[in-house]
Amino acid sequence: MEEFMIKYVPYVVHALELMGIFVIIVGSVRTFFIYITSKFDVESSEYKLYFAQSLSFALEFKLGAEILKTVITKTMSEIYMLAAIIILRAILTVVIHYDIKNESSH
């Protein structure tokens, strides 16, 4: 079982990372399109809300990848590094969700 995880988990981790990157790219392009079609209206919260939702969704994929990486770590220093990354990404997710909540209430 350990050999299976060491061999195949990195592929799943890379796939999750790529999904997160894809969501960021598509969300960024779509947000920019919404911004352009709104005639560069910086007061509009529609594109800000959509972009925040895209980033939040992408962070979920990235966070999942980091959690899976804990399965194949071998040293405590790697675990500490992954824990720090997970904490930072979780904080980013909370901040983005807070921003989404504030933007949608306006």
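Which helix does Glu2 lie in? Glu2 lies in helix α1. Keep in mind that this is a predicted model. Let's stay with Glu2 for a moment. Is Glu2 buried or exposed? Glu2 has 56% relative accessibility, so Glu2 counts as exposed, the cut-off being over 50%. Now pick out Ile91. In sequence, Glu2 and Ile91 are 89 residues apart. In space, their C-alpha atoms are 31 Å apart.

Next, two aromatic residues in α1. Phe4 and Tyr8 both lie in this helix. They are four residues apart, about one turn of the helix. A pair of aromatic rings is described by two things: the distance of the centres and the angle of the planes. The structure has three aromatic pairs by count. Phe4 and Tyr8 form an aromatic pair, with ring centres 5.0 Å apart. Their planes make an angle of 45°, and the pair is tilted. How accessible are these residues? Phe4 is at 49% relative accessibility, so Phe4 counts as partly exposed. Tyr8 is at 38%, and Tyr8 also counts as partly exposed.

On to charges. Side chains of opposite charge can pair when their charged atoms come close. How many salt bridges does a search of the whole structure find? The search finds four.

Start with Lys62 and Glu17. Their side chains meet in a salt bridge, at 2.5 Å from N to O. This pair links distant parts of the chain. Lys62 is in helix α2, residues 46–69. Glu17 is in helix α1, residues 2–37.

Glu17 has another partner, Lys69. In that salt bridge, the closest N and O atoms are 3.9 Å apart. Lys69 lies in α2 and Glu17 in α1, so this pair ties together parts that are 52 residues apart in sequence. Lys69 is at 27% relative accessibility, so Lys69 counts as partly exposed.

Now follow Lys69 to Glu66. These two form a salt bridge as well, with the closest N and O atoms 3.4 Å apart. Both lie in α2. They are three residues apart, about one turn of the helix. Glu66 has a relative accessible area of 2%, so Glu66 is buried. What do the shared partners give us? One network, joining Glu17, Lys62, Glu66, Lys69 and Arg89.

Last topic: how two helices sit against each other. Two packed helices are described by the angle between their axes and the distance between the axes. Take α2 and helix α3, which spans residues 76–105. Their axes come within 9 Å. They cross at roughly 160°. Why do we call α2 and α3 roughly antiparallel? The crossing angle is roughly 160°, and angles over 145 degrees count as roughly antiparallel, so that is the label for α2 and α3. The crossing of α2 past α3 is left-handed. Which classes of residue make up the contact of α2 with α3? There are 13 nonpolar residues, five polar ones and seven charged ones.

To recap, go back to Glu17. Glu17 pairs with Lys62, and Glu17 also pairs with Lys69. Trace those pairs in the structure above.

Notes
Residues are numbered from 1 along each chain as its sequence is written. This is a predicted model: local features need pLDDT of at least 70, side-chain atom pairs count only at pLDDT 80 or more; totals for chains, interfaces and linings use all residues. Side-chain values use heavy atoms; hydrogens and water are left out. Buried means under 20% relative accessible area, exposed over 50%, partly exposed in between (1.4 Å probe, protein chains only). Axes are lines fitted to C-alpha atoms, for helices over the stretch in contact, and angles run from 0 to 180 degrees between N-to-C directions. Angles under 35 degrees count as roughly parallel, over 145 as roughly antiparallel, 65 to 115 as roughly perpendicular and the rest as oblique. A crossing is left-handed if the near helix is turned anticlockwise from the far one by less than a right angle, and right-handed if clockwise. Ala, Val, Leu, Ile, Met, Phe, Trp, Tyr, Cys and Pro count as nonpolar, Asp, Glu, Lys and Arg as charged, and the others, Gly among them, as polar. Rings of Phe, Tyr and Trp (its six-membered ring) pair if their centres lie within 6.5 Å; planes under 30 degrees apart count as stacked, over 60 as edge-to-face and the rest as tilted.
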